[in-house]
Protein chains: 2
Amino acid sequence: MKDNNDMPGHLARRFQQIAVAVFLAEVEKAGFDLTPVQYAALATIKSNPGLDQVTLAGLIAYDRTTITGVIDRLVQKGLAERRASSRDRRARELEITDEGKRTLRKITPAVESAQRIMLLGLNAKEGEELMRLLRKAIAAGNERSRAPLREAQE
Amino acid sequence: MKDNNDMPGHLARRFQQIAVAVFLAEVEKAGFDLTPVQYAALATIKSNPGLDQVTLAGLIAYDRTTITGVIDRLVQKGLAERRASSRDRRARELEITDEGKRTLRKITPAVESAQRIMLLGLNAKEGEELMRLLRKAIAAGNERSRAPLREAQE
DNA sequence: TACTGATAGTCAGCATACTGAGCAATATCG
DNA sequence: CGATATTGCTCAGTATGCTGACTATCAGTA
């Protein structure tokens with residue numbers, strides 16, 4: 001009988017569980033109300049102004065049906081805007097608002113602090129090695145999820 | 001501007017996403033319909049017959065409000081039973097059914113295959129090292145989530 | 001024993017994540 | 001050009017995961 005601790009799937013779930021809890025705690029301590037998913041989406045919109053939802057989903061490996069609700073909440077909080085695209089009437093162009101930019105700026109220290117706290121049990125070299133191994137395993141498994149990472153086109 | 005790939009939180013989410021997809025694919029290929037969460041709960045019930053829901057949740061680090069629904073679905077599929085405890089009328093004792101045992105037995109190869117596939121991008125030594133580092137980081141962060149791992153009592 | 005606090009479980013509500021279906025618009029190709 | 005395929009997005013439904021509140025019960029203590 002294999003122990004849970006020998007199952008990478010179980011360890012993945014536990015580490016992700018802790019990562020989300022740490023992120024939310026740090027962000028709340030800084031006075032904001034933003035989930036890890038919302039943060040990643042907002043930061044990606046900022047770096048790629050005017051991108052459409054499918055591209056955004058690809059850049060952060062979200063499912064296209066998930067991104068709809070995430071953007072809904074960013075828009076509802078006044079951090080992002082969704083407008084019809086002129087080039088393609090099916091698509092929506094996403095923009096970050098000034099309020100969104102301000103939020104991103106002010107929240108960054110909390111986000112970075114959260115990333116540190118997640119790795120508190122490891123020394124610097126181990127933290128780097130963990131990230132390297134995760135990146136490698138993820139790269140090999142990218143196409144196995146419904147929402148693989150996709151580089152920006154053009 | 002930090003890249004997503006330098007954020008352990010983002011990598012955690014991606015690895016977990018792939019792990020779940022791989023698990024579901026392998027289990028479905030074997031002809032079963034069981035989620036990673038349901039599998040872990042069922043296996044733990046089998047190893048600890050008669051345990052109550054809070055103990056089960058602690059052993060696999062689930063939230064106590066999450067475990068309710070998971071057990072509902074195991075019961076509904078005929079894989080587990082929930083009975084009132086005689087010692088404590090608040091508690092429910094959990095048992096695996098014969099059908100549940102049969103399912104666990106038949107599903108094991110698929111589960112093990114899934115664990116292998118998740119690490120396909122790594123060689124054996126790297127896979128071991130990834131698990132070691134995850135275990136270490138998780139141990140340090142255990143108390144930071146609402147659903148920390150708890151050893152069985154007595 | 002009566003009061004107080006803790007514990008087991010559930011429920012409502014919200015936020016990911018996914019499957020599968022559907023609509024509207026665009027692209028492609030005979 | 002017109003039929004067909006593809007694409008961008010949304011929606012309904014299901015399954016985690018969590019917060020916070022609530023009931024029932026148990027445990028410890030004044």
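Among contacts in chain A between residues at least 6 apart in sequence, 56% join residues at least 24 apart; a contact means C-beta atoms, placed from the backbone, within 7 Å. The model is predicted: local features need pLDDT of at least 70, side-chain atom pairs count only at pLDDT 80 or more, and totals for chains, interfaces and linings use all residues. Residues are numbered from 1 along each chain as its sequence is written, while chains are lettered from A and ligands numbered from 1 in the order in which they are written.

Chain A holds six helices and two strands, taken as DSSP runs numbered from the N terminus (helices H or I, at least four residues; strands E, at least two). Their order from the N terminus is α-α-α-α-β-β-α-α. The C-alpha trace of chain A spans about 55 × 35 × 25 Å along its principal axes.

Now take one helix pair. Helices α2 (residues 36-47) and α5 (residues 98-118) of chain A pack at about 125°, their axes 11 Å apart. Axes are lines fitted to C-alpha atoms, for helices over the stretch in contact, and angles run from 0 to 180 degrees between N-to-C directions. From α2(A), the contact uses A:Tyr39, A:Leu42, A:Ala43 and A:Lys46; from α5(A), A:Gly100, A:Lys101, A:Leu104 and A:Val111.

Conventions. Two residues are in contact if their C-beta atoms, placed from the backbone, lie within 7 Å.
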